[in-house]
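Dear colleague,

I am passing on the structure below, and after it I set out what was found in it. Please read it with the model open beside you.

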Amino acid sequence: MTDRDWQPSACILCECNCGIEIRLGDDQRTFERIRGDKAHPASQGYTCEKALRLNHYQNGQRRLTSPLRRRDDGTFEEISWDVAIAEVAERFAAVRDSYGGETIFYYGGGGQGNHLGGAYSGATLRALGGKYRANALSQEKTGEFWVNGKMLGGGVRADFEHCEVALFVGKNPWQSHGLPRARTTLKEIANDPARSMVVIDPRRTETAELADFHLQVKPGTDAFCLGAMVAVMVQERLVHDTWVADHVDGWDAIAEHFASVDVVEFARRCGVDEALLRDAARRIAGADSVAVFEDLGIQMNRHSTLNSWLEKLLWVLTGNFAKPGAQYMGSSLVNLVRNDGPKKESNVSPVAGARIISGLVPCNVIPEEILTDHPRRYRAMLVESGNPAHSLADSQRMREALGALELLVVIDVSLTETARLAHYVLPAPSQFEKFEATFFNFDFPHNVFHLRRPVVAAPEGPLPEPEIHARLVEALGALTADDLAPLRAAAAESRAAFAAAFFEATTANPQLGALAPVVLYRTLGPTLPHGAASAAVLWGAAHRCALGFEASVRRAGFTGEGLELGEALFDAILESPHGVSFTVDGWDDVWGRVRTDGGRIQVDIPELVQEFAGLADEAPLTDAEYPLLLSAGERRSFTANTIIRDATWRKRDAGGALRVSPTDATAAGVSDGGDALIVTARGVARVRVEVTDTMQAGHVSLPNGMGLDEEHDDGTTRVGVAPNELTDAGHRDWIAGTPWHKSVPARLTPV
Ligand SMILES: Nc1nc2c(c(=O)[nH]1)N[C@H]1C(S)=C(S)[C@@H](COP(=O)(O)OP(=O)(O)OC[C@H]3O[C@@H](n4cnc5c(=O)[nH]c(N)nc54)[C@H](O)[C@@H]3O)O[C@H]1N2
Ligand SMILES: Nc1nc2c(c(=O)[nH]1)N[C@H]1C(S)=C(S)[C@@H](COP(=O)(O)OP(=O)(O)OC[C@H]3O[C@@H](n4cnc5c(=O)[nH]c(N)nc54)[C@H](O)[C@@H]3O)O[C@H]1N2
Ligand code: SF4
Ligand SMILES: [Mo]
């Protein structure tokens with residue numbers, strides 16, 4: 001074997017997208033070996049165990065090889081691409097012409113490893129006059145986005161590599177990662193006596209095992225725990241007053257709400273020992289630097305948006321922003337989060353009137369937006385690289401809603417639970433058969449972008465997403481050959497000529513600008529090296545990045561005046577198959593990225609102040625019929641959302657057991673390794689039980705991404721429980737509409 005046999009790519013199973021190298025078997029298809037890519041500038045050779053099993057994504061599942069059209073009897077027939085594109089365009093256009101383009105809804109656009117294809121969807125949506133969309137972010141992160149928007153005007157991440165204290169709130173990075181080389185960093189913190197780790201989690205997770213302070217809250221009670229920690233800082237005078245005076249607006253107006261908190265009572269409500277809670281708050285307040293990560297444990301839970309605010313107060317009041325080991329606002333090539341700004345406040349979904357955050361309708365209201373006779377209801381939907389019928393709350397109701405649409409079109413690699421309900425299914429090549437990239441680029445100070453090249457030849461049949469969108473836009477008559485001819489000619493001449501022609505054409509004809517991704521794909525795309533036509537949309541992104549983060553781009557080694565800087569960055573992206581460090585940020589850059597009035601952190605958010613004020617009087621979560629709280633969807637060693645449709649990929653926990661505390665197992669009369677029924681208000685499922693003292697009494701948990709329908713030659717199989725058969729779309733945050741999947745009232749009974 002020579003080095004040439006190892007092809008660079010990346011793992012697509014979580015947002016870290018660690019660089020990997022893949023060696024194919026003699027059939028030129030099988031991933032015979034996979035190893036971490038030492039040349040990847042972010043992951044530097046690190047992977048977890050999951051990346052090594054990616055052959056199960058590439059070769060373990062039945063792939064779609066032809067466009068499909070559903071017959072009246074529910075079965076599918078294969079059709080040609082020409083027929084598929086013509087009919088899909090015609091039927092979407094008919095919905096637009098009858099009810100308005102706003103009734104065409106877009107869902108998805110990428111999973112953990114693929115955002116390049118989705119970057120072209122905006123053109124299709126604009127050609128159809130579509131306005132409303134959602135993706136997985138609006139069932140997890142939009143509450144935090146909203147708080148970030150109010151407090152800072154943009155997103156924050158944290159520097160765990162250098163922090164003195166790490167705080168994880170409802171986050172289990174040992175399994176879910178989310179920080180670069182997570183396990184290495186966690187072990188470093190745990191092994192250094194000068195550093196501490198604080199974990200707030202009802203379960204004794206792998207991360208909690210490493211922690212110095214494990215605040216083992218009762219599920220769904222984090223607002224009490226976080227609120228009490230802020231209160232301790234106020235009442236024990238641990239707030240960094242001079243820093244707050246210099247950098248924060250609104251604190252004086254709200255401090256009283258924390259000064260008056262009964263810490264003893266709040267500690268009791270969340271089930272955490274008061275002394276431990278105080279010690280953790282003191283440790284955070286006394287540290288030189290604190291890095292914080294909040295995730296699904298609070299984001300998919302009661303008071304989720306309130307929790308995001310309280311979590312941020314902990315580091316704001318202790319001055320942990322814009323310095324090493326603390327929070328930062330980074331650079332981006334493509335920003336996945338839209339800053340709503342004050343004016344967008346009135347933007348709500350057409351039927352449910354739900355707040356639209358970062359341009360996204362809350363996933364939990366989608367069924368309500370369809371299952372109604374409201375004139376503005378969604379009538380048609382385009383789903384791309386997402387599986388709402390499985391991944392969103394209350395699958396039963398979601399299936400009903402998807403079934404009520406006049407048109408459902410799905411772009412995917414597999415016949416997913418959602419695709420089964422579609423009128424048309426359009427097959428895409430796998431992420432290893434085409435150019436791909438993610439926009440999860442959060443590293444600091446060296447931020448990394450990785451344009452992956454194909455490592456395997458695509459089968460006959462599927463078309464990459466940019467090609468699908470281009471054909472749809474053309475079939476809709478939104479672009480003509482005449483529109484594109486001058487740009488094609490300019491692209492053939494030189495990049496500089498193309499830039500001039502592109503700006504001229506889009507100024508003269510704004511419609512071309514609206515369709516920019518497809519225009520770039522059709523004109524600049526064919527001229528790009530290595531067959532990287534799908535990277536065309538990154539040309540605009542590279543120029544925007546060079547303009548917006550010029551100093552950081554230059555520090556990363558790029559040079560040139562005017563448009564040359566963006567071109568240099570774009571060329572580097574095209575020529576760096578192992579990934580490229582596209583910016584080098586400085587801590588001094590961070591304050592300049594705060595986008596609030598006056599550039600100060602704004603802590604007074606009236607909606608949340610009011611919600612917090614009501615906390616003390618809130619009734620505890622007790623329900624005689626459903627005495628347990630189920631975390632529906634826990635990240636484990638071998639879970640990966642819904643992307644691997646081959647249960648044999650799991651080396652451990654093959655069936656996806658329900659984790660139960662010894663106390664609850666005894667009470668319910670169930671035993672380790674035995675079967676039981678888990679019952680919620682929305683469903684019942686038969687589960688395999690794992691009795692473990694990592695669970696506290698009253699809390700049970702099921703893994704995420706299980707219960708997928710897998711197609712085999714001899715039929716369909718399903719392993720484990722699909723968690724959203726048990727969840728309720730109505731259980732959601734009042735501000736962001738995010739679900740309460742981590743504390744679903746449930747009971748356990750013997751089979
Ligand atoms: N192995 C693996 N890794 C993944 C993924 C995967 O599918 N598999 N998916 C990726 C994706 S899409 C995401 S969004 C991230 C999510 O990453 P995480 O948020 O870390 O994952 P979860 O396990 O869903 O939830 C985290 C923790 O919340 C805790 N929790 C439950 N209830 C509560 C509560 O009431 N309060 C608190 N404080 N904690 C609670 C759980 O015990 C759990 O340890 O993971 C990413 N990484
Ligand atoms: N109850 C409960 N539900 C949850 C969660 C939970 O904790 N509990 N977690 C939630 C979270 S945080 C998330 S992020 C979501 C994830 O839910 P989804 O977004 O639905 O999950 P993914 O696995 O990312 O789905 C990606 C889809 O893309 C397809 N795909 C893979 N490669 C390609 C490609 O190259 N092109 C195209 N077009 N398609 C491709 C896959 O087949 C799959 O259908 O699940 C959510 N659902
Ligand atoms: S941490 Fe593991 S799952 Fe996440 S990208 Fe890296 S190898 Fe893949
Ligand atoms: Mo997620």
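Does H303 count as buried or exposed? At 12% relative accessibility, H303 counts as buried, where buried means under 20% relative accessible area, exposed over 50% and partly exposed in between, with a 1.4 Å probe and protein chains only.

This is a predicted model, in which local features need pLDDT of at least 70 and side-chain atom pairs count only at pLDDT 80 or more, while totals for chains, interfaces and linings use all residues. Residues are numbered from 1 along each chain as its sequence is written, chains are lettered from A and ligands numbered from 1 in the order in which they are written, and side-chain values use heavy atoms, leaving out hydrogens and water.

H303 lies in the loop between α13 (296-299) and α14 (304-316); helices (H or I, at least four residues) and strands (E, at least two) are DSSP runs, numbered from the N terminus. Its phi is near 60°, a positive value in a residue other than glycine.

H177 also has a positive phi, near 55°, and lies in the loop between α5 (173-176) and α6 (182-191). At 2% relative accessibility, H177 counts as buried.

Turning to the strands, β18 (residues 446-449) pairs with β19 in the antiparallel sense over 4 bridges, pairing being assigned if DSSP finds at least two bridges between two strands. V448 has S581 of β19 as its bridge partner, and 5 of the 5 residues of β19 (580-584) are buried. In the loop between β17 (424-427) and β18 lies P445, which a cis peptide bond with omega of about 0° joins to F444.

With best wishes
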